[in-house]
Amino acid sequence: MNWRAFDLNLLVVFDGLFREGSVTRAGKRLGMSQPALSHALNRLRYLLKDQLFIRTPGGMVPTPRAEQLARPLRHALAQMEQALEPETFVAAQTNRRFSIAINNYAAIVMAAPLVGAVSAAAPLVQLDLRPSGTLDVFDRLDSGELDIGIGTFDTVGERFARTTLLEDRFVVVMRRGHPAGRGKLSAEALGALPHLEISSSGDDTGFIDRSLLARGARRRIAARLPYLATGVVLGQSNMVATLSRRVAEAMIRGAESALQLRELPFTSPVVRTSMLWHRRLDGSPAHRWLRELMLVVWPRAVENGGPERVTAFGSRPRSRFSAVPG
């Protein structure tokens, strides 16, 4: 292939089609008309001697050749984007897009402050917050499709860096006026209550069963529900749920004081929510700006339960990034 005659914009079209699976959506993403994008796809097909994408009722499905090309091309485009970034980053003037994968905890607790902070500091920036439960976060960070992942991560590869954003503990949520809402909540009393488990939380609540069994009690799961139904069910029943404190507080605010929280009768483990990124982006001015912004958006709850005070919005945080290998 004569690379001097190859239009590199065609690779951007390929990447857009592979991500969106639709000529229309890819055209909107790239700012191209549907005829222009279709013409570019035909040129790609001719140059690469493959159909690349097959039109189906569900969208444009990539061929095996397109699947083979997608990751290395996305990686190459990400490196080109980074290489062409200005040496200085002016948040108020940039119009780039950041893709961030967030878990349910981050969606409830962190999304609104993050969107507000980015909108205030960089009004032209587009945030693409995507549910991490449907993604292979490591794979998308490798390919450059994601800028950052936010969630609970155990072992990560050495190619990634991470830093803790928030630390939280678990509490019990129940309706106001609940019979167990008066006096100290014992392990025996907690075990005797009907429990509601959040099917979409991703939280490891096995510590509840272990702690209750050690005290001669046992938990009974009466129902499993998604987050959206939890507040209503708790407010209209004697069920209780064990949730991260900040999620519980958000649920109580949304329930207009129909709910209350109680402390567990045993020590709760700490839930750490971290920010994860690929090390190749360590030196990117735009990426560094976003990471630093995240560190000042939320107060970090320390082990003793009190918030660590951070500097005012927009200033540099006291702590530096910790690049924690797996």
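1. A residue is called buried when its relative accessible area is under 20%, exposed when it is over 50%, and partly exposed in between (1.4 Å probe, protein chains only). At 25% relative accessibility, aspartate 7 therefore counts as partly exposed.

2. The model is predicted: local features need pLDDT of at least 70, side-chain atom pairs count only at pLDDT 80 or more, and totals for chains, interfaces and linings use all residues. Residues are numbered from 1 along each chain as its sequence is written, and side-chain values use heavy atoms, with hydrogens and water left out.

3. Helices (H or I, at least four residues) and strands (E, at least two) are DSSP runs, numbered from the N terminus. In helix H6, which spans residues 111-121, the buried residues include Ala111, Leu114, Ala117 and Val118. Viewed down the axis of H6, the buried residues fall within an arc of 140° (taken from the directions from the helix axis to the C-beta atoms), so they line one face of the helix. An α-helix has 3.6 residues a turn, so residues three or four places apart point the same way.

4. The face of H6 turned away from its buried side carries the exposed residues Ala112 and Ala120. The cover over the buried residues of H6 includes strand S3 (97-102), helix H5 (104-109), strand S4 (126-131) and helix H12 (285-297), where contact means heavy atoms within 4.5 Å.

5. A search of the whole structure finds 16 salt bridges, each being a side-chain nitrogen of Lys or Arg within 4 Å of a carboxyl oxygen of Asp or Glu. One of them joins arginine 43 to aspartate 7, with the closest N and O atoms 3.7 Å apart. This pair links distant parts of the chain, 36 residues apart: arginine 43 is in helix H3 (residues 34-48), and aspartate 7 is in the segment before helix H1 (9-20). Arginine 43 is partly exposed, with a relative accessible area of 34%.

6. Arginine 159 and aspartate 142 also meet in a salt bridge (2.7 Å, N to O). Arginine 159 is partly exposed at 37% relative accessibility, whereas aspartate 142 is buried at 19%.

7. Aspartate 209 forms a salt bridge with arginine 219, their closest N and O atoms being 2.9 Å apart. Aspartate 209 lies in helix H9 (residues 206-214) and arginine 219 in the loop between H9 and strand S9 (220-225), so the pair ties together parts that are ten residues apart in sequence. Salt bridges that share partners join Glu197, Asp209, Arg219 and Arg224 into one network.
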